[in-house]
Amino acid sequence: MSEWQPRILAILCNWCSYAGADLAGVSRMQYPPNIRVVRVPCSGRVDPLFIMKSLQSGFDGVLVSGCHPGDCHYISGNYIARRKFAVLKPLLEFIGIEPNRIQFSWISAGEGERFATVVTKITEDIRKLGPSTRLVKKL
Amino acid sequence: MTELPVKESSGSKKNSVLVLGAGIAGIQASLDLAEMGVAVHLIEETPTIGGRMPQLDKTFPTNDCSMCILAPKMSECVRHPLITLHIMSNLKEISGTPGDFTCRVIERAKYVDPVKCVSCGLCEEKCPVKIEDEFDVGLRKTKAISRYFLQSIPSEYTINKEHCLYLTKGVCKLCEKVCPTGAINYEDTDREIELNVGAVILATGIDPFDPIGFGQFGYHRYSNVVTSLEFERMLSASGPYGGHIEKASDGKPPKRLAFIQCVGSRDESIDRNYCSSACCMFAIKQSIIAKEHSKELEATIFYMDIRAFGKDFDKYYDKAENQYGVQFKRSKIADIKELPDGSLELKYTFENGDIQHETFDMVVLSIGLQPRMGSRELSEDLDIRLNRFGFCKSDTFHPLKTSREGVFVCGAMNSPKDIPESVVSASGAVAGAVSLLELERYDPSVSEEEEEKEKDVTGERPRVGVFVCHCGINIAGVVDVKNVAEFAKGLQNVEHSEDVMYACSTDCLETIKQRIEEHDLNRVVVAACTPRTHEPLFRDTISEAGLNPYLFEMANIRDQCSWAHMNEPEMATEKSKDLVEMGVGKARGLVPLSRLPIDIDPEALIVGGGLSGMTAALAIGDAGHDVYLIEREDVLGGNMRDIFFNFSGSDPQEFLAETIEKVENHDRIRVLLDSTIEDITGFVGNFRTVFKNVAGELEELTHGAVIVATGGNEHETSEYLYGSSSRIVTQKEFERMLHEGKFPAGKLREVVMVQCVGSREEGRMYCSRICCSKAVKNALELRKRKARANIYFAYRDIRTYGFAEEYYSELRDGGALFFRYTLENKPKVEKIRPDDPDSRIRVTVFDPVLEKDVVIDADLLVLATAIDAPEQNLELAKMLKVPLNSDGLFLEAHVKLRPVDFATEGIFVCGLAHCPKDMSESLAQAKAAGSRALTFLKKKSILAEGTIAEVRTDRCSGCGYCEEVCAYTAIEIDPEECVAVINDALCKGCGACVASCRCGALDLRGFTNQQLFSVFDSLEIEASEGI
Amino acid sequence: MSMVNNLRKTIKELLAEKKIDLFIVWEKGSLPLSATPLFITSEDEADRAVFDITCGNNLSVYFTKDRKQFSDKKVGIAVKGCDARSVVLNILEKQIDRRNVVITGVPCHGVLDKKKVLDKTDGREVLEMIDDGDTVTLKGKGYELSFDRSEILSSSCLACIYPDAQECDIFIGDARAEIPNENRLKEIKEFEALSSSERWANTRAEYEKCIRCYACRNVCPSCYCNVCFVDQNDPGWIGNTCEFTDSMIFHIIRNLHVAGRCVECGACERACPMDINLLQLNRKVAMEVKDRFGDIAGLDINGKPAMADFREDEKQDFIMG
C-alpha cells in the first residue's frame, strides 16, 4: 500500500468499551481499519506512560476508552483514570502535541454505534494531521 | 472434600433447586444458589436469559447503562458449572412435598443445534421471513430464525416455528443451505423432562401494561403516542433507532415531550388500583436521558404524585427539575387530540380546576406493570394462589413465600418492584429455598492432584502456538486467514501456526490439545472472535492439555476486524496480522497464575438485633452456621417493638414474639445483648471482632462474614411545636396510642396528620418511604376505633406505592381530607391555649383546590417524622472500612445489582441501615443478606482472582495512593514497614492502584507493565517504517 | 534580626520542654550566599540557626529521602510557605506522622536564585550581600552592585501566592494567608497564546538541553521513590538516553508524578545546570489540578492528595463527545 495509513492504538476497558467495540462488529457497523485494540481490565489500569510509549514507538494516535461515569465495573476505576487524563491531555497540548492525537472517551457496552463513530472521527482527524513526528523516537 | 453435584445429572432433591424465569431476579437467585454449592435448573421461556433489563437503556437513579451492568452477570450465570439452563422451556407441574419436589418441564424445540451453531448469523441474513421483533417491541423487524437480541445469552440462534416457512408450509430451507456447520435441525421436537429438586423459586416477572384496549390516550391511533417501553428502546444506543429519538410521523426528533404518568396504574376503573412503583422514576430517568440527547428538548411530566420513595430517588427528582429543567405538572389529562402535523394537543386540569391546553410533539405513556401473561394458568398448573390483581400472593411477614410450602417467589411476580428490590427478593428467596436442602460446606479449590497435572513452564523459553480461525466465512470471507497464519509463523517465539475452520468446535479444541503435545507449546494464541465470550472455553482447553489456563491470549479478528471492515479485505488482513502480532507479544510475557485459596470461617456476625438482624440470623442459623447476634440494647426487636398494625390485619407483635423466641432458642444463634463492638479487623472469611459484653468485659469473636443491620431512628423534630403539648405526637407514638387505647382526654373528633416532617428538605434530602403508608394505616385504625373522627392529611406527595394504594383509596373514599402543601407554604401550627400542655392545636393549611387557607382546631396532631440513620453508623463504617452516603446511610456496592453487598467482600447490609423501608422489605433484605453471606460461608475456602495486583516491596515508598484508589479496601499500608500490602482475597484486579503507583512497585498479574509494553512494542519497528 | 532571634528562642524552648528531639533549620553556609541544613539536638546549637534570602533548601526532603533516620523522632522543622506544603504532603502521603512534627513557619520574602546572581556579577565572587527587603546590594572584589530584590529571586518566588506556612504549629511573626500575585499564571497564559507548533518548537528547544543529570529529581521534595521509574529496568519504562523523546517523556512523566504534589518551590529549576524552564510545566499541571479538582498541593491537611481522589461530577470537557 503506497498511501500512508494512520496507525492508532486503542486501549479499551474490558467491560464497557471493549464490549461496545464487539457490539459494533456484531451489528456489522463499518469503521476504518486503522485501530489496534489492546484490552485492559479497566481504564483505571491505564498508566499515562502507556500513551507516551505508544507515541514514542510511532503510533499516530492513541485512544483510551472506559465505562461512562457511574458504570465502572470496578466501581470507581474510570474516575481515577479520568483525573490522570484530565491532567495529561492539557499538558500534552500545552507542550505542542496536536490535540487530536490523544483522545479519551466513554463508550458503554451498548454503544456499538458510538464506538464506530468515535473511531471514524479519530481516524479522520489523524489522517488530516498526517504522520506523527513530534514524540516519535527516530531509530 | 465434599462432592459437588454434577451438572449433567438432574441433581438430587437434597442439593438442587429449580428457578423459573431468567430475568435479573432468576439470574441472581441462580447465582446465589450455585455459589452455595446448589445445583440449579434455570427455566426460561424465551431463547435468552436477561429478562426485562436488556430492554432498558439506562437505569435510575445513577443512569448506569443497563446492559453494561447486566452482561457480566449473564455470562457468569451461563458459565457457572452448577447452573443448567433450560431456555425455551416451561414449568408445567410441581408434585411432591417441600424438600422433595418433582417438576415437569417442557423444553420446546429450537430447531438449531446449540452445540453446532457458531452464531455467525448467515441464516438470519438469508431467512426470507420478516416478523415483528418482540425485544424491540415491534419497532424493528427480525427474522423467523434469529437471536432474541444482539447480546443474547446463549448466543445461538433459534427458529420461530410459527413463522418458519419450512415448518409451516414445508418450503424454503434456506437456513439449512447456508448454515456452515449443519446446525439446523427441522426434526427437532419438544421434550418433556422431570427434575427432582428440593425447592422451587418462581421469578417470572411482569409485563408492561398494554394500553391498546384503553383508548383514552390515543395509543395506536396517534402515531406519536408511544409507551415508555417503546421510548426506552428509542433511547437505547443499541435500539432500533440507534439512540435517536424519532417521531413516527415524520422521522424528526421531537422538541416537546410529554410524559403521562399512571397509565394502567392507580386506576380502579380497570381493576388496577395499585401503584406500579417504578414508573415515576422511570419517567424522570427518561426525561433526563432525553434531555441529555438533545439540550433543546423540553420535557413535561404530568402526574398525580411523584413517588420517588427509594434511596437517593428524591435527589434524582430534584436534579431533573432543577438541573435539567424538566417540568412537573400535577394535573389530570382530560383529553388528547392529534393535530394535522402529527403533534398532539393535551388538555389538562390542575387541582384548582384550571384547564390548560398545550401542544407536544410526542407523548410517552408511563405504562404500569402488570402480572405476566399466562400467570393465571401458571398458578393453576403449580397450585399457587394469586392476589386480587393477579400477582402471586404472599403475605407481609413472609414476602417471599407463595401459598404453597416449598415454593418461593421473587422479583416483580408478587408485587411491582424495581431492579434492586428484585435482586434483594431473589437473594432473599434463596434463603428460604436452602432451608429445605441438606447442604454441606464445600471446597472449590483445585485439588493437589489437578495441580500436579499442570506442566511446569518456568524457565522455558516461550513456545507459542497460533490458531487462526476462519469462523466459516465470518472471518475468512474478509480476512485472508491463511496469509495471517503464515505470517504468524515468522513471529518471534512462534513454534506453530495454523488456520482452523471453527476454533471453538469440539474437534478443533482437540486439535489444539494435540498441537500443544506435539510441539511442546507453552503459550497459545487463538485469533478468532472475542475473548469476552470465548476466552473461558479456550482456557479450559489448554488446561486440559496440562497448561496453566493463564498462558492463553486471544486476538479478536472477527468482532473487531472482519465484521467491522467487510469492504476492506486487504486492510482487514493487515490489521489481523497486527492483532496476532500483538497477541503473540502479550503471550510471550505470560506467566502461569494460580488462584490461591483463602480459608473461610463458617460463622457470621450480625450487628443489630432488630427485625432485620434477627431475620438474617435465622437465615444463616437455619442453614447450619453459627451466628453471633450483637445488640446494643438489652432487648431484641428494635423498631418493630413500636409497630402494632399492618394492612393485612395480622399482628406484628405476635410475629415479633415468635421471631424473638426462635432466635433465642436457636442452637446456632448466640444472642449478645447489651454489647458494643470495640473493633473489627480482618477480611472476608477471616474477621476478628472485639466487643464489650454485658458484664463490661472485652470478648473476641472470629467469623467469616459480617451483616450490618443497625437500623434507623425516628427523627427527633422540633417542628410544629412538637414536645409542647400532649396533643402533638409522632406517628410512632400515635400507633402505640391506638394500640393501648390511651387517647388524650376529651373527644377525638379532629385529627390532623402532617407528612414529611424532616424528610425531603434541606438536611434530609430523602423520602422516608414508609410514612405515607404508615399514616394511612394508622388513620384506618383510628377509623375503626373512632368512626366519627375527621381525618385531615397535610402532605406533599402521597407515596403509598405498590398495593398500599388500595388502602389510601379506602381512606380517601371514607372521607379523609387531603391538602397538598409545598415547602414554601408548610402548615402552620399554634396552641389554642399557649400555656396549657394539653391545649388543642390550631392547624392552618393552604388548600390548593379552594386556593385558600383552611383552619382546623385539632384534638390531635400526628407528625410523620423522618427516619434518621443512627450516628453510630459512622463509627461502625470506619471499623469495617465501608462507605456511608451523604445521608449517613450505608452505601452498598452497587445500587442496582449489588443492593446488599458492600464493595468489600464478606460484609453485607440490610434493613433501615441501608435505607428506610417497611417490614416486608426489611424481611426480604435481611434474608438476602443472609443468603449473600452464605455464598461465602458455604465454602471452606474461596479462590482469590488469578489476575490480581502484586507489590514489589523494595520499590514501595508507602505513599498510600494505592490504598486510596482501591475501591475494595484490598490494599493497606503496613504502618511498621511503610509498604503496601495486598489482600489477595479482596483484590478484583482492576489495576487502578498499579497505574497510580509512581514507584513502579505495583503490577497487575495477567496485565503486567511488561506484558503491555511488549504489546505496544510489538508493532514498533514496523510502525516506524510506516504501513 | 528579631525574627531570627525569635526562631532561635522557639527552638530552644521546644528542646527544653522536650517537645522535640531534633530541629531542622538552616545555618550560614561556608560559601557566600549559601545556607546549609542544620540539625539541632541541643539548645546551645540553636544560635546557629538563620533564615534569610539564601535559605532556599526545602528541608522537608529529610522526611522522605532520609526517612528512616527520623521515623521515630519528634522533629521540629523550619518552613517557608512552600516547604510547609511539602510537609503537609509528606503527612498525607504517610511519610511522617503529624503528631511527630512541629511545623514552625518563618516569614518568607523569597529566596535567591544563584544563577541569577552570577548573571549579575558576571561570575565574579560575591563577598557580601546586604538585603534591606527592597534592594539587594552585592559586594565583591572591586565591585558593588545594587538592584531591585526581585531581579535575583527564584522564579518560583516571583509567582508565589503562599509565602507563609498555611498549616503550622508555630509561626515566627504573623503568617500571611494567600497573597494576590498577578504574575502567577502570566507566563503560562502567554505560552498558551502561541500556536501549537510554536509551543512545540519552544518546548523542544528547551528540553533538548536536558543532559539527564536528574538534579531536578534529586532535589525535588516530592520525588522520593526508592528507585525512580527511569532507573528501573524490569521492565524498562523509558530509555535513559539523552535522545530528545526519551528526555521529553521522562520530564512529562515526572510532571505527572508531581501532579497535585508539586509545591512550586522551584528547587528543580534552581538545580538545573542547563537552565531548563522546568517550573513552567509543573505550574501548568498545578493550574489544571486547581481548575479541575479544586486542589492545591499540600494546602489541606485534611484532604486527600489530588491524584488519589476523585469527584463524580468533575469537569470532563476533554472526553470525546
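At what angle do the axes of helix α1 and helix α4 of chain A cross? They cross at roughly 95 degrees and come within 7 Å. Angles of 65 to 115 degrees count as roughly perpendicular, so α1(A) is roughly perpendicular to α4(A). This is a predicted model. The predictor gives the complex an ipTM of 0.98 and a pTM of 0.84. For chain C, the mean pLDDT is 93, and 100% of the residues reach 70 or more.

**Helix pair in chain A**

- Helix α1(A) spans residues 17–26, and helix α4(A) spans residues 112–129.
- From α1(A), the contact takes G20(A), A21(A), L23(A) and A24(A).
- These meet G112(A), E113(A), R114(A), F115(A) and A116(A) in α4(A).
- By class, this contact of α1(A) with α4(A) has five nonpolar, two polar and two charged residues.

**Where chain B touches chain A**

- The contact draws on 59 residues of chain B and 56 residues of chain A.
- Several elements of chain B give two or more residues to this side, including β4 (64–65), α2 (66–79), α15 (531–544) and α16 (558–562).
- Helix α17(B) provides the largest share of the side of chain B that touches chain A, with six residues.
- By class, the side of chain B that touches chain A has 32 nonpolar, 17 polar and ten charged residues.

**Where chain B touches chain C**

- Here 18 residues of chain B are in contact with 16 residues of chain C.
- On the chain B side, α25 (961–965) and α27 each supply at least two residues.
- The side of chain B that touches chain C divides into seven nonpolar, seven polar and four charged residues.

**Sheet in chain C**

- Three strands form an open sheet in the order β6-β7-β8 (chain C), with antiparallel pairing.
- Strands β6 (128–131) and β8 (143–148) of chain C each have a single partner strand, so one side of each is left without a neighbour in the sheet.
- On average, neighbouring strands of this sheet are turned by 15 degrees against each other, direction ignored.
- β6(C) and β7(C) (residues 135–140) run antiparallel and are joined by four bridges.
- In this pair, D131(C) stands opposite V136(C) in β7(C).
- Helix α5 (residues 114–121) of chain C lies across β7 and β8, running at about 60 degrees to β7(C).

**Covered strand β24 in chain B**

- Strand β24(B), residues 464–469, is mostly covered, with six of its six residues buried.
- V464(B), V466(B) and V468(B) point one way from β24(B).
- G465(B), F467(B) and C469(B) point the other way, and they too are buried.
- β24(B) pairs with β25(B) (residues 494–500) in the parallel sense over six bridges.
- Opposite V468(B) stands D499(B) in β25(B).
- β24(B) also runs parallel to β26(B) (residues 523–528), with five bridges joining the two.
- R523(B) in β26(B) is the bridge partner of V464(B).

- Strand β41(B) (residues 828–831) and strand β42(B) (residues 841–847) run antiparallel, joined by four bridges.
- K831(B) stands opposite I841(B) in β42(B).
- β42(B) and β43(B) pair in the antiparallel sense over seven bridges.
- R842(B) stands opposite D857(B) in β43(B).
- The hairpin of β42(B) and β43(B) has four residues between the strands, and E851(B) takes a positive phi near 60 degrees there.
- D859(B) is found in the loop between β43 (852–858) and β44 (860–865) of chain B.
- Is D859(B) buried or exposed? D859(B) has 21 C-beta neighbours inside 10 Å, so D859(B) counts as buried.
- Leaving out residues up to four places away in sequence, D859(B) touches residues including R727(B), P744(B), K747(B), R749(B), E750(B) and R840(B).
- D859(B) and C127(B) are 732 residues apart along the chain, and their C-alpha atoms are separated by 75 Å.

Notes:
Residues are numbered from 1 along each chain as its sequence is written. Chains are lettered from A and ligands numbered from 1 in the order in which they are written. This is a predicted model: local features need pLDDT of at least 70, side-chain atom pairs count only at pLDDT 80 or more; totals for chains, interfaces and linings use all residues. pLDDT is the predictor's confidence in each residue, from 0 to 100. Axes are lines fitted to C-alpha atoms, for helices over the stretch in contact, and angles run from 0 to 180 degrees between N-to-C directions. Angles under 35 degrees count as roughly parallel, over 145 as roughly antiparallel, 65 to 115 as roughly perpendicular and the rest as oblique. Two residues are in contact if their C-beta atoms, placed from the backbone, lie within 7 Å. Ala, Val, Leu, Ile, Met, Phe, Trp, Tyr, Cys and Pro count as nonpolar, Asp, Glu, Lys and Arg as charged, and the others, Gly among them, as polar. Two strands pair if DSSP finds at least two bridges between them. A residue is buried if 20 or more other C-beta atoms lie within 10 Å of its own, exposed if 12 or fewer, and partly exposed in between; C-beta atoms are placed from the backbone.
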